Every structure is written in C-alpha cells, then in structure tokens.
Amino acid sequence: MSEHGLSTRGPVVTPARLIAAVCVIVPFVAVLWVPIFDKDKPEVAGFPFFFWWQLLWVAVTAALMGLAYFVVRREELARKAVAVAAVQETPGTAAAETSEEEPEEGDSE
C-alpha cells in the first residue's frame, strides 16, 4: 500500500467501535461464565435461576446487537458523508465540474 492510501484512512479504533465491541462481548461473558449462574435461587415462576437467566440474555443480546449495529452503521454513514464532501470540494473532479444550471430530464424549459 502506498503511504497516501494509509494517510486517508480514519482511525481503526473509534469510540463507536469500542461501544460495539462491548455490546458483543458482554453477552458472551454473561452466558458463558459459569459462576454467575451456577445456582438454583432465585426462582421466577417456578423456573430455577439458570433457565430464566439464559432466556433473559436472549432478549438482552438481541438489544445489544441492535445497538452495536446502529452505532457502527451511523459511524460508517458519517465517514462516507465526509468523504463525499471532500471529493466534491476538490477542484478538478467530475462532481465539482458538473454545473447546477443544466435542466434535469423532466424539465420542459
């Protein structure tokens, strides 16, 4: 890779990606770390702790994965918007050379 290609990339570790990483790691720890749920009490509706703990984490994991997706997607859209704005401001590019005075296809003027 050229030096120029590396300088235009944003940082690899961003706050959005850290939030997403935490959202992905927390369910693994909560479900796979046995000392957390290795007990019978408290019971909920007659179900031992182990069963309702696992079922609870199905819903919590879905919410955390949705949050991770939302945060990363928002960051990607922001990066793309900045890149498009930078390209449009650069003189000599095709986007900067097109004039706004040309009529669109549907205009009859």
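Good morning. I begin with two residues of helix α4, Arg-73 and Glu-76, which lie three residues apart, about one turn of the helix. Their side chains meet in a salt bridge, at 4.0 Å from N to O. Arg-73 is partly exposed, with a relative accessible area of 35%, and Glu-76 is likewise partly exposed, at 34%. Please keep in mind throughout that the model before you is predicted.

How many salt bridges does a search of the whole structure find? The search finds three.

Let me turn to Glu-75. The side chain of Glu-75 meets that of Arg-79 in a salt bridge of 3.5 Å, N to O. Both residues belong to helix α4 and are four residues apart, again about one turn of the helix. Glu-75 also forms a salt bridge with Arg-17, with 3.7 Å from N to O. Here the partners come from separate helices, Glu-75 from α4 and Arg-17 from α2, so this pair ties together parts that are 58 residues apart in sequence. Taken together, Arg-17, Glu-75 and Arg-79 are linked in a network of salt bridges.

Is Glu-75 buried or exposed? Its relative accessibility is 14%, and the cut-off for buried is under 20%, so Glu-75 counts as buried. Its two partners are placed otherwise: Arg-17 is partly exposed, with a relative accessible area of 35%, and Arg-79 counts as partly exposed at 33%.

A further residue belongs in this part of the picture. Thr-14 is found in the loop between α1, residues 3–8, and α2, residues 15–32. Which residues does Thr-14 contact, leaving aside its neighbours within four places in sequence? They are Glu-75 and Arg-79. With Glu-75 there is a polar contact between side chains, at 2.8 Å. Thr-14 itself counts as buried, because its relative accessibility is 8%.

In soluble globular proteins, nonpolar side chains tend to be buried together. In this model, the largest nonpolar core has nine residues: Ala-20, Cys-23, Ala-30, Phe-37, Phe-49, Trp-53, Trp-57, Leu-64 and Ala-68. The elements that give two or more residues to this core are α2 and α4, the latter spanning residues 49–89. Helix α4 gives the most, with five residues.

Apart from its neighbours within four places in sequence, Cys-23 is in contact with Leu-64, Met-65, Leu-67 and Ala-68. Two of these contacts, Leu-64 and Ala-68, are listed in the core as well.

Which element supplies the largest share of the nonpolar patch? That element is α2, with five residues.

Thank you for your attention.

Methods. Residues numbered from 1 in each chain as written. Predicted model: local features only at pLDDT ≥ 70, side-chain atom pairs only at ≥ 80, totals over all residues. Heavy atoms only, no water. Buried < 20%, exposed > 50% of the residue type's maximum accessible area, 1.4 Å probe, protein only. Polar contact = N/O pair within 3.5 Å; in protein donor to acceptor, adjacent residues only side chain to side chain. Contact = heavy atoms within 4.5 Å. Core = buried A, V, L, I, M, F, W, Y, C linked by side-chain atoms within 4.5 Å.
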